Amino acid sequence: MELKDFMDLSKLQKIQDKFSDSTGLAAIAVGMNGEYLTEGSNFTDFCMKYTRGSMEGNRRCVKCDNEGDGTYFCHAGLMDFSIDITVNGEKVGSVIGGQVLPTPPDEEKFRKTAQELGIDPDQYVQALRKVPVRSESMIRSSAELLSIVVNQLVNLEYFKHSNAGRLNTLQEEINHSTELIQAINDNTSHLKTIANRQKILSLNASIEAARSGEAGVGFAVVAKSMQDLSSQSAVIYNDIEKSVAEITKSTSKLSALFEEGSL
């Protein structure tokens, strides 16, 4: 599973950029194959141009990248972080970064490091002075917050992607149900009309039976039964109409939610 298979990476880039702008920490998203998924935010020349630009410095940095977990101190004395991005318990990538100082630097110490790495000490210290300084607690809290936000975003995008087909099917079934409800309404209306006609016919039959005297007694009983049945049918049709109206109301709400994008 890869992030780019189910989400728009520009959303991840936007969160990453905002995070770096507000905290001063560098950040970049990396896939499981080591491929960069976003463009680096707030990366420093101290790390990228000088430390990683030297053979020995890059070797030490790669070692830190591979072994570092959570928020940690790198070999050069800066603080970095590594955040796992997981979906359903499966790691699908990470966000790495940091490149900040937890305290004001001891420049003489960094001059010695520059000599070990084969870097011009003056240039190294000049780049060092541009590195943001943040408290250790702030760095750890910021990395933890980024982890929460990124994982929530990624899991939401995965849910939307994996359930898109199901939601489309549900929408189709709602539309089909709406058509069936309309058909029931039409048929119920026709049956209600027939029941009303039966009621009128049975009433006319009762009148004619009364005019016929004793000869129409049996016919009057049948007419009365027809009248009772038509009355009962009318009550049933009214109940059906009420139930259909409630179902129509529910399906209309579901359709509205789909159109608004709430589902």
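Partly exposed here means a relative accessible area between the buried limit of under 20% and the exposed limit of over 50%. Ile148 has a relative accessible area of 43%, so it counts as partly exposed. Keep in mind that this is a predicted model.

Ile148 sits in helix H6, which covers residues 136-211.

In soluble globular proteins, nonpolar side chains tend to be buried together.

What does Val95 touch, leaving out residues up to four places away in sequence? The list runs Ala27, Ile28, Ala29, Phe81, Ser82, Ile83, Ile85, Leu146 and Val150.

How many disulfides turn up in a search of the whole structure? The count is 0. For Cys64, the nearest cysteine sulfur is that of Cys74, 5.7 Å away. A disulfide needs the two sulfur atoms within 2.5 Å, so the 5.7 Å between the sulfur of Cys74 and that of Cys64 is too far for a bond.

Are these two cysteines buried or exposed? Cys64 has 16% relative accessibility, so it counts as buried. Cys74 is buried as well, with a relative accessible area of 13%.

## Two asparagines with positive phi

Now for the backbone. Asn42 isn't a glycine, yet it has a positive phi of about 65 degrees. You'll find Asn42 in the loop between strand E1 (26-31) and helix H2 (45-51). Its relative accessible area is 40%, so Asn42 is partly exposed.

Asn88 is another non-glycine with a positive phi, this one about 55 degrees. The loop that holds Asn88 lies between strand E3 (79-87) and strand E4 (90-100). Is Asn88 buried or exposed? At 66% relative accessibility, Asn88 counts as exposed.

Note on methods: Residues numbered from 1 in each chain as written. Predicted model: local features only at pLDDT ≥ 70, side-chain atom pairs only at ≥ 80, totals over all residues. Heavy atoms only, no water. Buried < 20%, exposed > 50% of the residue type's maximum accessible area, 1.4 Å probe, protein only. Helix = DSSP H or I, 4+ residues; strand = E, 2+ residues; numbered from the N terminus. Contact = heavy atoms within 4.5 Å.
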